[in-house]
Amino acid sequence: MPPDRYVSISRLRDAAQARAEASSNRAVAREIGIALRGFQLFLEGSRPQQKTLDKLLAWYRDHVERTEGPPIAASDALLVLVRALPAERRPSAAAALISTLMEQHQAADVDPPADVVAAAGAAGDASRRRD
């Protein structure tokens with residue numbers, strides 16, 4: 001499951017807590033496929049063992065990400081990627097990155113996700129304001 005590894009444990013915990021508050025700890029533990037006590041320990045802050053983490057990631061992908069979207073929007077990811085650059089260079093760097101990403105989607109003949117399209121518009125606007 002390497003593509004899902006960017007989901008932080010704190011994000012998994014927040015999603016599990018929200019789901020448990022909407023139903024019950026027992027229901028969510030069963031949905032994830034882990035023991036109730038293990039689920040409770042996870043909610044209390046313990047770091048899950050690898051098998052449990054794999055189950056949490058699969059649950060997140062199947063039950064949370066499908067309805068809530070990815071844990072980080074493309075625009076936020078761009079901010080992270082360009083944060084070390086001088087402030088005046090960030091808009092053009094973000095625009096270049098998102099342009100390359102859009103080109104890769106086009107080359108693969110797939111539609112880019114909506115947040116990538118939105119980030120492309122925002123990056124283009126920011127880059128034009130700098131010019």
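Trainee: In what order do the elements run from the N terminus on?
Mentor: Helices (H or I, at least four residues) and strands (E, at least two) are DSSP runs, numbered from the N terminus. Here the order is α-α-α-α-α-α-α, so to speak seven helices and zero strands. Mind that the model is predicted: local features need pLDDT of at least 70, side-chain atom pairs count only at pLDDT 80 or more, and totals for chains, interfaces and linings use all residues. Residues are numbered from 1 along each chain as its sequence is written, and side-chain values use heavy atoms, leaving out hydrogens and water.

Trainee: Which residues of α6 are buried?
Mentor: Buried means under 20% relative accessible area, with a 1.4 Å probe and protein chains only. In α6 that holds for P91, A93, A94, A95, I98 and H105. Across the protein's 131 residues, 31% are buried.

Trainee: Where does the charged end of R13 sit?
Mentor: A charge sits over a ring if NZ of Lys or CZ of Arg is within 6 Å of the ring centre and within 35 degrees of the ring normal. R13 has its charged end over the ring of F42, 4.6 Å from the centre.

Key. Buried < 20%, exposed > 50% of the residue type's maximum accessible area, 1.4 Å probe, protein only.
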